[in-house]
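Subject: A structure for you to look at

Hi there,

Here is the structure I promised to pass on. Please open it first, and then read my notes on its pockets below.

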Amino acid sequence: MTPVVVWSDYACPYAYLGYRRLLVARPDGEAVEWRPYELHPEIPPGGVARPRGRYRTLHDLAEADGVRLRASERVWNSRPALLAAEFARHAGRHAEVHARLFAAAWEEGLDLGRPRSEEHTSELQSPCNLVCRLLLEKK
């Protein structure tokens, strides 16, 4: 089977919906090569306020797929998540981390660009923490 190369960013809700659709089309992930793409490198590390009311089409697409999207209140810088996923790729755990980061961003509405703090105790608030935990676990 000819591989499909997909460039995506965890901060993009359309990429998340495309990811879910590709899982249906190729359920075993056969011949899918995921590549990182930082869609908005201009977003600062602390993120920016998410514009409201601009995503009707997106929510219609998600609803058609049976997905309820939850977005964080900020548009976050995706570089830490992209780097963590690449680190996981080199350790043989990319598929697992890839799925978890997308779900955290768009099903749980987590801001994956913030450094971990007392207020943000989820391991996914720091993608690097997730990758380290997964790499320490046995496959």
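The lining of the largest pocket is made up of 11 nonpolar, two polar and four charged residues (nonpolar are Ala, Val, Leu, Ile, Met, Phe, Trp, Tyr, Cys and Pro; charged are Asp, Glu, Lys and Arg; the others, Gly among them, are polar). This is a predicted model, where local features need pLDDT of at least 70 and side-chain atom pairs count only at pLDDT 80 or more, while totals for chains, interfaces and linings use all residues. Residues are numbered from 1 along each chain as its sequence is written, and side-chain values use heavy atoms, with hydrogens and water left out.

A pocket here is an open set of points on a 1 Å grid over the protein atoms alone where a 1.4 Å probe fits, with protein on both sides within 12 Å along at least five of seven lines; lining residues have an atom within 4 Å of a point. The largest pocket holds about 280 Å³, the space filled by probe spheres set on points joined across faces, edges and corners. Of its 17 lining residues, Ala11, His40, Arg50, Tyr55 and Val75 lie nearest the centre.

The second largest pocket has about 220 Å³. Its lining has 13 residues, with Val32, Trp34, His94, Ala95 and His98 nearest the centre. Helix α4 gives the largest share of that lining, four residues (helices are DSSP runs of H or I, at least four residues, and strands of E, at least two, numbered from the N terminus).

As for confidence, pLDDT (the predictor's confidence in each residue, from 0 to 100) averages 82 in the protein.

Happy exploring!
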